[in-house]
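User: I'm new to this one. Could you take me through a single part of it, the sheet and what lies across it?

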Amino acid sequence: MRKLGRNLRKGSRGRATAPADREMGQTLSDGLGGSLSGTLAYLRSKMGGSSDVVIRRLQNRGPEGEDIAICYVGGLIDQMLLSELIDDLDKRFFAADRDYQHRPIAEQISTGNVKRITSGSDLISSLLSGSAAIIIDGTEGAIVAPIPGGPRRSVEEPSTQTVIRGPKEGFTEEMSTNMALLRRKIRSPDLRFESRTVGTYTQTKVVVAYIEGVASPAVLQEVLNRLDAIHTDSILEGGYIEEFIQDKVFTPFPTIMNTERPDAAAGSLLEGQVVILVDGSPFVLICPVTFFKFFLSSEDYYQRYDISTFLRWIRLLSFLVAMLLPSLYIAVTTFHPEMLPTTMLISLAAQREGTPLPALFEALLMEITFEVIREAGVRMPRVVGSAISIVGALVLGQAAVQAGLVSAAMVIIVSFTAISNFVIPTFGMSSAVRLIRFGLMLLAGTFGLYGILAGLIPLLMHLVSLRSFGVPYLLPIAPLSFTNMKDVFIRAPWPKMKKRPAYINEDNKTRQGSVPNDGLNKK
(Lines give C-alpha, C1' and ligand atoms only; values in the text may rest on other atoms or scores of the structure.)
Protein backbone atom coordinates (compact mmCIF):
# COMPACT_ATOMS: atom_id res chain seq x y z
CA MET A 1 0.00 0.00 0.00
CA ARG A 2 1.38 3.36 -1.03
CA LYS A 3 1.96 5.83 1.75
CA LEU A 4 0.73 9.31 0.96
CA GLY A 5 1.81 10.85 4.25
CA ARG A 6 -0.21 12.38 7.03
CA ASN A 7 -0.83 15.76 5.42
CA LEU A 8 -4.10 14.86 3.70
CA ARG A 9 -5.82 17.09 1.21
CA LYS A 10 -9.16 16.94 -0.45
CA GLY A 11 -9.08 16.01 -4.16
CA SER A 12 -10.33 18.44 -6.78
CA ARG A 13 -13.70 18.13 -8.50
CA GLY A 14 -14.36 16.27 -11.74
CA ARG A 15 -11.55 14.50 -13.56
CA ALA A 16 -8.76 16.84 -12.53
CA THR A 17 -6.02 15.45 -10.28
CA ALA A 18 -5.35 17.02 -6.89
CA PRO A 19 -2.23 19.22 -6.83
CA ALA A 20 -0.69 17.15 -4.06
CA ASP A 21 -1.13 14.04 -6.18
CA ARG A 22 0.39 15.68 -9.25
CA GLU A 23 3.44 16.69 -7.24
CA MET A 24 3.95 13.12 -5.98
CA GLY A 25 3.48 11.61 -9.42
CA GLN A 26 0.43 9.54 -8.39
CA THR A 27 -1.82 7.94 -11.00
CA LEU A 28 -5.48 7.37 -10.25
CA SER A 29 -7.12 4.02 -10.87
CA ASP A 30 -10.30 3.75 -12.93
CA GLY A 31 -12.05 2.55 -9.77
CA LEU A 32 -11.62 5.93 -8.01
CA GLY A 33 -12.02 8.33 -10.88
CA GLY A 34 -14.43 10.72 -9.14
CA SER A 35 -17.82 9.16 -9.89
CA LEU A 36 -19.51 7.69 -6.83
CA SER A 37 -21.62 5.25 -8.83
CA GLY A 38 -18.55 4.15 -10.80
CA THR A 39 -16.53 3.62 -7.64
CA LEU A 40 -19.30 1.59 -6.00
CA ALA A 41 -19.73 -0.49 -9.16
CA TYR A 42 -15.98 -1.14 -9.15
CA LEU A 43 -16.14 -2.15 -5.48
CA ARG A 44 -19.07 -4.53 -6.04
CA SER A 45 -17.33 -6.05 -9.03
CA LYS A 46 -14.07 -6.66 -7.17
CA MET A 47 -15.79 -8.06 -4.07
CA GLY A 48 -18.22 -10.15 -6.11
CA GLY A 49 -21.25 -8.68 -4.42
CA SER A 50 -20.27 -10.26 -1.12
CA SER A 51 -22.94 -9.88 1.54
CA ASP A 52 -20.51 -8.75 4.27
CA VAL A 53 -19.49 -5.64 2.31
CA VAL A 54 -21.67 -2.82 3.64
CA ILE A 55 -22.30 0.34 1.59
CA ARG A 56 -24.22 3.18 3.26
CA ARG A 57 -25.17 6.00 0.90
CA LEU A 58 -25.93 9.48 2.27
CA GLN A 59 -27.72 11.63 -0.30
CA ASN A 60 -27.05 15.37 -0.53
CA ARG A 61 -24.87 15.31 2.58
CA GLY A 62 -21.64 16.57 1.06
CA PRO A 63 -20.21 20.06 1.57
CA GLU A 64 -21.78 21.20 -1.70
CA GLY A 65 -24.73 18.83 -1.86
CA GLU A 66 -22.86 15.78 -3.17
CA ASP A 67 -23.80 12.20 -2.43
CA ILE A 68 -21.51 10.36 0.00
CA ALA A 69 -21.00 6.64 0.65
CA ILE A 70 -19.40 4.94 3.63
CA CYS A 71 -18.07 1.45 2.85
CA TYR A 72 -16.75 -1.21 5.22
CA VAL A 73 -16.65 -4.96 5.75
CA GLY A 74 -18.90 -6.16 8.54
CA GLY A 75 -17.13 -8.04 11.31
CA LEU A 76 -13.77 -6.40 10.64
CA ILE A 77 -14.54 -3.00 12.17
CA ASP A 78 -15.42 -1.60 15.57
CA GLN A 79 -19.06 -0.52 15.54
CA MET A 80 -18.48 2.09 18.24
CA LEU A 81 -15.70 3.72 16.24
CA LEU A 82 -17.92 3.59 13.17
CA SER A 83 -20.58 5.53 15.07
CA GLU A 84 -17.98 8.13 16.05
CA LEU A 85 -16.94 8.40 12.42
CA ILE A 86 -20.50 9.04 11.30
CA ASP A 87 -20.91 11.60 14.10
CA ASP A 88 -17.82 13.44 12.85
CA LEU A 89 -19.33 13.56 9.37
CA ASP A 90 -22.66 14.83 10.74
CA LYS A 91 -20.87 17.64 12.59
CA ARG A 92 -19.30 18.68 9.31
CA PHE A 93 -22.47 18.53 7.24
CA PHE A 94 -24.69 20.40 9.71
CA ALA A 95 -22.12 22.89 10.97
CA ALA A 96 -23.21 26.52 10.88
CA ASP A 97 -19.73 27.67 9.91
CA ARG A 98 -19.46 27.38 6.12
CA ASP A 99 -15.67 27.64 6.28
CA TYR A 100 -15.65 24.63 8.60
CA GLN A 101 -17.78 22.70 6.13
CA HIS A 102 -15.35 23.33 3.29
CA ARG A 103 -12.27 22.25 5.19
CA PRO A 104 -10.85 18.85 4.10
CA ILE A 105 -12.84 15.98 5.60
CA ALA A 106 -9.67 14.20 6.71
CA GLU A 107 -8.90 17.05 9.10
CA GLN A 108 -12.27 16.71 10.83
CA ILE A 109 -12.29 12.97 11.52
CA SER A 110 -11.02 12.05 14.96
CA THR A 111 -10.88 8.25 14.56
CA GLY A 112 -7.49 6.74 13.90
CA ASN A 113 -4.82 7.43 11.31
CA VAL A 114 -6.96 8.87 8.52
CA LYS A 115 -5.43 9.07 5.06
CA ARG A 116 -6.43 9.57 1.46
CA ILE A 117 -5.96 6.83 -1.13
CA THR A 118 -6.00 7.15 -4.90
CA SER A 119 -6.20 3.62 -6.28
CA GLY A 120 -8.78 0.88 -6.33
CA SER A 121 -6.32 -1.74 -5.07
CA ASP A 122 -5.59 0.41 -2.01
CA LEU A 123 -9.33 0.75 -1.41
CA ILE A 124 -9.85 -3.02 -1.43
CA SER A 125 -6.81 -3.61 0.76
CA SER A 126 -7.94 -0.98 3.28
CA LEU A 127 -11.44 -2.42 3.57
CA LEU A 128 -10.12 -5.94 4.12
CA SER A 129 -7.74 -4.61 6.80
CA GLY A 130 -10.54 -3.19 8.95
CA SER A 131 -10.92 0.34 7.60
CA ALA A 132 -13.95 2.34 6.62
CA ALA A 133 -13.82 4.26 3.33
CA ILE A 134 -15.54 7.62 2.71
CA ILE A 135 -16.27 8.24 -0.97
CA ILE A 136 -17.62 11.62 -2.15
CA ASP A 137 -19.26 11.96 -5.53
CA GLY A 138 -17.21 14.17 -7.82
CA THR A 139 -14.04 13.84 -5.74
CA GLU A 140 -11.24 11.60 -6.95
CA GLY A 141 -9.87 9.08 -4.50
CA ALA A 142 -11.28 8.10 -1.13
CA ILE A 143 -10.62 8.74 2.54
CA VAL A 144 -10.01 5.68 4.72
CA ALA A 145 -10.12 5.56 8.51
CA PRO A 146 -8.70 2.46 10.22
CA ILE A 147 -11.29 1.29 12.79
CA PRO A 148 -10.42 -2.42 13.19
CA GLY A 149 -12.59 -4.51 15.46
CA GLY A 150 -14.12 -7.94 15.75
CA PRO A 151 -13.33 -10.80 18.14
CA ARG A 152 -9.83 -10.78 19.65
CA ARG A 153 -8.00 -12.93 22.16
CA SER A 154 -6.66 -11.13 25.20
CA VAL A 155 -3.07 -11.35 26.41
CA GLU A 156 -2.66 -14.62 28.32
CA GLU A 157 0.11 -16.74 29.79
CA PRO A 158 2.07 -18.66 27.12
CA SER A 159 0.89 -22.26 26.86
CA THR A 160 4.07 -23.80 25.40
CA GLN A 161 6.87 -21.89 27.15
CA THR A 162 5.89 -21.60 30.79
CA VAL A 163 8.28 -20.35 33.47
CA ILE A 164 8.22 -20.32 37.25
CA ARG A 165 9.76 -16.86 37.54
CA GLY A 166 9.24 -14.24 34.89
CA PRO A 167 6.50 -12.41 32.97
CA LYS A 168 3.27 -14.31 32.44
CA GLU A 169 2.17 -12.59 29.23
CA GLY A 170 2.32 -14.02 25.74
CA PHE A 171 1.82 -12.85 22.18
CA THR A 172 -1.63 -12.96 20.61
CA GLU A 173 -2.92 -13.23 17.05
CA GLU A 174 -3.30 -9.43 16.81
CA MET A 175 -0.36 -7.66 15.18
CA SER A 176 -0.87 -4.29 16.90
CA THR A 177 -1.01 -6.00 20.30
CA ASN A 178 2.23 -7.88 19.66
CA MET A 179 4.01 -4.71 18.55
CA ALA A 180 2.78 -2.93 21.67
CA LEU A 181 4.09 -5.77 23.87
CA LEU A 182 7.55 -5.31 22.37
CA ARG A 183 7.33 -1.53 22.80
CA ARG A 184 6.54 -2.01 26.47
CA LYS A 185 9.68 -4.09 26.89
CA ILE A 186 12.02 -1.87 24.85
CA ARG A 187 11.15 1.79 25.33
CA SER A 188 13.71 3.13 22.92
CA PRO A 189 13.25 5.11 19.71
CA ASP A 190 15.81 2.80 18.14
CA LEU A 191 13.27 -0.05 18.08
CA ARG A 192 12.07 -0.09 14.48
CA PHE A 193 9.31 -1.96 12.63
CA GLU A 194 9.29 -2.54 8.87
CA SER A 195 6.12 -3.90 7.30
CA ARG A 196 5.57 -6.19 4.33
CA THR A 197 2.46 -7.77 2.80
CA VAL A 198 2.86 -11.40 1.75
CA GLY A 199 0.32 -13.74 0.13
CA THR A 200 -1.71 -13.12 -3.02
CA TYR A 201 -5.03 -14.04 -1.43
CA THR A 202 -4.42 -13.72 2.31
CA GLN A 203 -2.53 -10.38 2.08
CA THR A 204 -0.88 -11.21 5.39
CA LYS A 205 0.93 -8.41 7.17
CA VAL A 206 4.49 -9.35 8.14
CA VAL A 207 6.49 -6.97 10.34
CA VAL A 208 10.26 -7.12 10.85
CA ALA A 209 11.39 -5.74 14.22
CA TYR A 210 14.97 -4.75 15.03
CA ILE A 211 16.97 -2.24 17.06
CA GLU A 212 18.79 0.29 14.94
CA GLY A 213 22.52 0.22 15.66
CA VAL A 214 22.35 -3.15 17.43
CA ALA A 215 21.10 -5.43 14.65
CA SER A 216 23.47 -6.23 11.82
CA PRO A 217 22.52 -4.23 8.69
CA ALA A 218 23.62 -7.13 6.49
CA VAL A 219 21.41 -9.64 8.33
CA LEU A 220 18.48 -7.20 8.34
CA GLN A 221 18.77 -6.60 4.61
CA GLU A 222 19.00 -10.33 3.95
CA VAL A 223 15.81 -10.94 5.95
CA LEU A 224 13.96 -8.23 4.03
CA ASN A 225 15.23 -9.55 0.69
CA ARG A 226 14.04 -13.06 1.46
CA LEU A 227 10.63 -11.79 2.52
CA ASP A 228 10.32 -9.76 -0.69
CA ALA A 229 11.22 -12.88 -2.70
CA ILE A 230 8.22 -14.84 -1.38
CA HIS A 231 5.50 -15.33 -4.00
CA THR A 232 2.70 -17.53 -2.75
CA ASP A 233 -1.07 -17.59 -2.48
CA SER A 234 -1.34 -17.70 1.28
CA ILE A 235 0.50 -17.12 4.56
CA LEU A 236 -1.62 -18.46 7.41
CA GLU A 237 1.05 -18.84 10.11
CA GLY A 238 4.68 -18.06 10.81
CA GLY A 239 5.66 -21.60 9.82
CA TYR A 240 5.02 -20.67 6.18
CA ILE A 241 7.49 -17.79 6.44
CA GLU A 242 10.03 -19.96 8.27
CA GLU A 243 10.24 -22.51 5.47
CA PHE A 244 10.42 -19.85 2.79
CA ILE A 245 13.31 -17.87 4.27
CA GLN A 246 15.45 -20.52 6.03
CA ASP A 247 18.91 -21.18 4.64
CA LYS A 248 18.53 -24.91 4.06
CA VAL A 249 15.23 -26.72 3.61
CA PHE A 250 16.37 -30.34 3.88
CA THR A 251 17.58 -30.45 7.44
CA PRO A 252 15.94 -31.79 10.63
CA PHE A 253 17.41 -28.95 12.69
CA PRO A 254 15.55 -25.63 12.92
CA THR A 255 17.61 -22.64 11.78
CA ILE A 256 14.97 -20.11 12.86
CA MET A 257 13.61 -19.96 16.40
CA ASN A 258 10.01 -19.26 17.30
CA THR A 259 8.63 -18.04 20.60
CA GLU A 260 5.36 -16.77 22.05
CA ARG A 261 7.06 -14.89 24.89
CA PRO A 262 7.53 -11.10 24.49
CA ASP A 263 10.42 -11.11 26.97
CA ALA A 264 12.29 -13.75 24.94
CA ALA A 265 11.75 -11.74 21.75
CA ALA A 266 12.89 -8.53 23.47
CA GLY A 267 16.01 -10.26 24.78
CA SER A 268 16.82 -11.45 21.27
CA LEU A 269 16.38 -7.93 19.88
CA LEU A 270 18.78 -6.57 22.50
CA GLU A 271 21.37 -9.13 21.41
CA GLY A 272 21.19 -7.94 17.81
CA GLN A 273 18.80 -10.51 16.37
CA VAL A 274 15.85 -9.78 14.11
CA VAL A 275 12.27 -10.66 15.07
CA ILE A 276 9.58 -11.39 12.46
CA LEU A 277 5.93 -10.93 13.47
CA VAL A 278 3.19 -12.50 11.35
CA ASP A 279 -0.37 -11.24 11.61
CA GLY A 280 -2.69 -13.96 12.88
CA SER A 281 0.04 -15.95 14.66
CA PRO A 282 0.93 -15.80 18.38
CA PHE A 283 4.43 -17.07 17.57
CA VAL A 284 7.18 -14.73 16.35
CA LEU A 285 10.30 -15.82 14.48
CA ILE A 286 13.83 -15.00 15.66
CA CYS A 287 16.89 -15.04 13.41
CA PRO A 288 19.75 -15.61 13.11
CA VAL A 289 20.14 -18.32 15.74
CA THR A 290 22.75 -20.90 16.67
CA PHE A 291 22.38 -24.50 17.82
CA PHE A 292 22.92 -23.71 21.48
CA LYS A 293 20.24 -20.99 21.53
CA PHE A 294 17.60 -23.72 21.46
CA PHE A 295 18.69 -24.93 24.90
CA LEU A 296 18.30 -21.54 26.60
CA SER A 297 15.20 -20.49 28.47
CA SER A 298 13.94 -17.04 29.43
CA GLU A 299 14.02 -18.16 33.04
CA ASP A 300 17.82 -18.57 32.86
CA TYR A 301 18.17 -14.81 33.10
CA TYR A 302 15.69 -14.30 35.95
CA GLN A 303 17.36 -16.54 38.54
CA ARG A 304 20.87 -16.99 39.89
CA TYR A 305 23.63 -17.81 37.43
CA ASP A 306 24.69 -21.02 39.22
CA ILE A 307 21.19 -22.51 39.05
CA SER A 308 20.88 -21.44 35.42
CA THR A 309 24.19 -23.07 34.55
CA PHE A 310 23.15 -26.32 36.24
CA LEU A 311 19.85 -26.39 34.34
CA ARG A 312 21.63 -25.80 31.03
CA TRP A 313 23.82 -28.84 31.63
CA ILE A 314 20.70 -30.83 32.47
CA ARG A 315 19.14 -29.79 29.15
CA LEU A 316 22.24 -30.68 27.14
CA LEU A 317 22.49 -34.04 28.90
CA SER A 318 18.80 -34.67 28.25
CA PHE A 319 19.37 -33.87 24.56
CA LEU A 320 22.07 -36.55 24.36
CA VAL A 321 19.93 -39.05 26.29
CA ALA A 322 16.88 -38.44 24.10
CA MET A 323 18.94 -38.92 20.95
CA LEU A 324 21.28 -41.79 21.93
CA LEU A 325 19.90 -43.86 24.82
CA PRO A 326 17.65 -46.29 22.85
CA SER A 327 20.27 -46.85 20.16
CA LEU A 328 23.02 -47.42 22.76
CA TYR A 329 20.85 -49.97 24.55
CA ILE A 330 20.13 -51.79 21.28
CA ALA A 331 23.78 -51.81 20.24
CA VAL A 332 25.14 -52.99 23.59
CA THR A 333 22.56 -55.73 24.23
CA THR A 334 22.70 -57.02 20.64
CA PHE A 335 26.34 -56.69 19.56
CA HIS A 336 28.46 -55.73 22.57
CA PRO A 337 27.14 -57.51 25.70
CA GLU A 338 30.70 -57.80 27.02
CA MET A 339 30.59 -54.06 27.82
CA LEU A 340 28.00 -54.65 30.57
CA PRO A 341 28.78 -55.77 34.14
CA THR A 342 28.06 -59.45 34.69
CA THR A 343 25.22 -58.87 37.14
CA MET A 344 23.45 -56.43 34.81
CA LEU A 345 23.98 -58.74 31.85
CA ILE A 346 22.41 -61.68 33.70
CA SER A 347 19.43 -59.52 34.75
CA LEU A 348 18.82 -58.27 31.20
CA ALA A 349 19.19 -61.78 29.80
CA ALA A 350 16.62 -63.08 32.26
CA GLN A 351 14.16 -60.35 31.26
CA ARG A 352 14.61 -61.03 27.56
CA GLU A 353 14.39 -64.78 27.91
CA GLY A 354 10.71 -64.93 27.00
CA THR A 355 10.52 -61.99 24.56
CA PRO A 356 10.13 -63.09 20.92
CA LEU A 357 11.35 -59.85 19.30
CA PRO A 358 14.92 -58.58 18.89
CA ALA A 359 15.88 -55.45 20.83
CA LEU A 360 15.58 -53.28 17.71
CA PHE A 361 11.96 -54.28 17.06
CA GLU A 362 11.16 -53.93 20.76
CA ALA A 363 12.44 -50.37 20.77
CA LEU A 364 10.68 -49.47 17.51
CA LEU A 365 7.41 -50.93 18.80
CA MET A 366 7.58 -48.98 22.05
CA GLU A 367 8.74 -45.72 20.42
CA ILE A 368 6.01 -45.80 17.78
CA THR A 369 3.43 -46.66 20.44
CA PHE A 370 4.53 -43.71 22.55
CA GLU A 371 4.41 -41.35 19.53
CA VAL A 372 0.86 -42.51 18.77
CA ILE A 373 -0.21 -41.94 22.38
CA ARG A 374 1.38 -38.49 22.44
CA GLU A 375 -0.28 -37.47 19.17
CA ALA A 376 -3.62 -38.80 20.40
CA GLY A 377 -3.25 -36.82 23.62
CA VAL A 378 -2.71 -33.64 21.60
CA ARG A 379 -5.71 -34.19 19.31
CA MET A 380 -8.15 -35.27 21.99
CA PRO A 381 -10.24 -32.77 23.97
CA ARG A 382 -8.19 -31.13 26.71
CA VAL A 383 -10.46 -32.47 29.43
CA VAL A 384 -9.60 -36.10 28.67
CA GLY A 385 -6.43 -35.78 26.60
CA SER A 386 -3.89 -35.83 29.42
CA ALA A 387 -5.72 -38.60 31.29
CA ILE A 388 -5.94 -40.81 28.19
CA SER A 389 -2.27 -40.34 27.35
CA ILE A 390 -1.04 -41.16 30.87
CA VAL A 391 -3.38 -44.11 31.39
CA GLY A 392 -2.70 -45.39 27.88
CA ALA A 393 1.06 -45.34 28.41
CA LEU A 394 0.84 -47.09 31.78
CA VAL A 395 -1.66 -49.72 30.67
CA LEU A 396 0.01 -50.52 27.37
CA GLY A 397 3.48 -50.64 28.92
CA GLN A 398 2.40 -52.94 31.74
CA ALA A 399 0.37 -55.13 29.39
CA ALA A 400 3.25 -55.43 26.92
CA VAL A 401 5.62 -56.58 29.68
CA GLN A 402 3.13 -59.11 31.08
CA ALA A 403 2.39 -60.43 27.60
CA GLY A 404 6.09 -60.98 27.02
CA LEU A 405 6.28 -58.72 23.97
CA VAL A 406 8.88 -56.38 25.45
CA SER A 407 11.19 -56.47 28.44
CA ALA A 408 10.79 -54.26 31.49
CA ALA A 409 14.18 -52.69 30.81
CA MET A 410 13.01 -51.54 27.37
CA VAL A 411 9.97 -49.86 28.91
CA ILE A 412 12.28 -47.98 31.30
CA ILE A 413 14.59 -46.94 28.44
CA VAL A 414 11.77 -45.63 26.25
CA SER A 415 10.05 -43.84 29.15
CA PHE A 416 13.20 -42.08 30.31
CA THR A 417 13.97 -41.13 26.70
CA ALA A 418 10.53 -39.56 26.31
CA ILE A 419 10.89 -37.63 29.55
CA SER A 420 14.32 -36.38 28.49
CA ASN A 421 12.84 -35.21 25.20
CA PHE A 422 10.41 -32.94 27.06
CA VAL A 423 13.28 -31.23 28.91
CA ILE A 424 14.42 -29.49 25.70
CA PRO A 425 12.87 -25.97 25.89
CA THR A 426 12.20 -25.56 22.15
CA PHE A 427 9.67 -27.77 20.42
CA GLY A 428 11.45 -27.51 17.07
CA MET A 429 14.67 -28.98 18.46
CA SER A 430 12.84 -31.72 20.38
CA SER A 431 11.07 -32.74 17.16
CA ALA A 432 14.42 -32.96 15.38
CA VAL A 433 15.72 -35.25 18.13
CA ARG A 434 12.71 -37.54 17.69
CA LEU A 435 13.45 -37.98 13.99
CA ILE A 436 17.18 -38.54 14.49
CA ARG A 437 16.54 -41.10 17.23
CA PHE A 438 14.75 -43.47 14.83
CA GLY A 439 17.61 -43.32 12.32
CA LEU A 440 20.24 -44.06 14.98
CA MET A 441 18.14 -46.95 16.31
CA LEU A 442 18.11 -48.58 12.85
CA LEU A 443 21.87 -48.12 12.49
CA ALA A 444 22.49 -49.51 16.00
CA GLY A 445 20.33 -52.55 15.32
CA THR A 446 22.23 -53.22 12.09
CA PHE A 447 25.87 -52.40 12.87
CA GLY A 448 26.03 -51.85 16.62
CA LEU A 449 28.18 -49.06 18.04
CA TYR A 450 29.90 -48.70 14.66
CA GLY A 451 26.52 -47.88 13.14
CA ILE A 452 25.89 -45.19 15.77
CA LEU A 453 29.29 -43.68 15.05
CA ALA A 454 28.61 -43.87 11.31
CA GLY A 455 25.42 -41.90 11.89
CA LEU A 456 26.87 -39.30 14.26
CA ILE A 457 29.80 -38.31 12.03
CA PRO A 458 27.65 -37.23 9.02
CA LEU A 459 25.25 -35.58 11.47
CA LEU A 460 28.07 -33.52 12.98
CA MET A 461 29.34 -32.62 9.50
CA HIS A 462 25.84 -31.49 8.60
CA LEU A 463 25.65 -29.30 11.71
CA VAL A 464 28.97 -27.67 10.88
CA SER A 465 27.78 -26.90 7.35
CA LEU A 466 24.54 -25.24 8.46
CA ARG A 467 24.13 -21.47 8.42
CA SER A 468 21.43 -19.21 9.79
CA PHE A 469 21.43 -16.06 7.64
CA GLY A 470 25.16 -16.43 7.19
CA VAL A 471 25.94 -17.18 10.86
CA PRO A 472 27.62 -20.58 11.51
CA TYR A 473 25.14 -22.85 13.26
CA LEU A 474 27.62 -24.29 15.80
CA LEU A 475 29.05 -21.01 17.02
CA PRO A 476 30.88 -20.50 19.37
CA ILE A 477 32.23 -24.10 19.10
CA ALA A 478 32.85 -24.19 15.36
CA PRO A 479 34.47 -21.81 14.67
CA LEU A 480 35.79 -21.50 18.20
CA SER A 481 35.07 -18.17 19.87
CA PHE A 482 36.01 -17.80 23.54
CA THR A 483 34.43 -14.34 23.78
CA ASN A 484 30.96 -15.83 23.24
CA MET A 485 31.33 -18.65 25.76
CA LYS A 486 29.87 -16.70 28.69
CA ASP A 487 26.31 -17.49 27.73
CA VAL A 488 26.44 -21.00 26.21
CA PHE A 489 27.42 -23.87 28.52
CA ILE A 490 27.37 -21.55 31.50
CA ARG A 491 25.41 -18.43 32.30
CA ALA A 492 27.91 -15.95 33.65
CA PRO A 493 26.76 -13.38 36.24
CA TRP A 494 25.19 -10.32 34.67
CA PRO A 495 28.02 -7.95 35.64
CA LYS A 496 30.41 -10.19 33.68
CA MET A 497 28.39 -10.29 30.46
CA LYS A 498 29.48 -6.90 29.18
CA LYS A 499 29.54 -7.86 25.51
CA ARG A 500 26.82 -8.87 23.11
CA PRO A 501 27.34 -11.91 20.87
CA ALA A 502 29.98 -10.67 18.45
CA TYR A 503 28.90 -12.96 15.61
CA ILE A 504 25.73 -10.91 14.95
CA ASN A 505 27.04 -7.35 14.85
CA GLU A 506 30.69 -6.42 15.14
CA ASP A 507 29.98 -2.68 15.33
CA ASN A 508 28.11 -2.53 18.63
CA LYS A 509 29.46 -5.14 21.04
CA THR A 510 29.14 -3.32 24.37
CA ARG A 511 26.05 -4.21 26.34
CA GLN A 512 26.99 -2.61 29.64
CA GLY A 513 29.92 -0.86 31.26
CA SER A 514 30.90 1.68 33.84
CA VAL A 515 28.87 4.41 32.10
CA PRO A 516 25.09 3.80 32.30
CA ASN A 517 23.51 3.18 28.91
CA ASP A 518 20.27 5.12 28.35
CA GLY A 519 19.37 3.13 25.24
CA LEU A 520 20.48 5.92 22.86
CA ASN A 521 24.25 5.52 23.09
CA LYS A 522 25.52 3.47 20.15
CA LYS A 523 29.23 3.77 20.77
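Analyst: Thr259 stands opposite Val284 in E10. Two strands pair if DSSP finds at least two bridges between them.

A quick word on the source: this is a predicted model, where local features need pLDDT of at least 70 and side-chain atom pairs count only at pLDDT 80 or more, while totals for chains, interfaces and linings use all residues. Residues are numbered from 1 along each chain as its sequence is written, and side-chain values use heavy atoms, with hydrogens and water left out.

Back to the sheet: it's open, has five strands in the order E6-E7-E9-E10-E8, and the pairing is antiparallel. Strand E6 (191-198) and strand E8 (257-259) stand at the edges with a single partner strand each, so one side of each has no neighbour in the sheet. On average, neighbouring strands are turned by 25° against each other, direction ignored.

Then there's helix H8 (residues 238-245), which lies across strand E7 (204-211), E8, strand E9 (274-278) and E10. Contact means heavy atoms within 4.5 Å. H8 runs at about 135° to E9; the axes are lines fitted to C-alpha atoms, for helices over the stretch in contact, and angles go from 0 to 180 degrees between N-to-C directions.

How values were computed. Helices (H or I, at least four residues) and strands (E, at least two) are DSSP runs, numbered from the N terminus.
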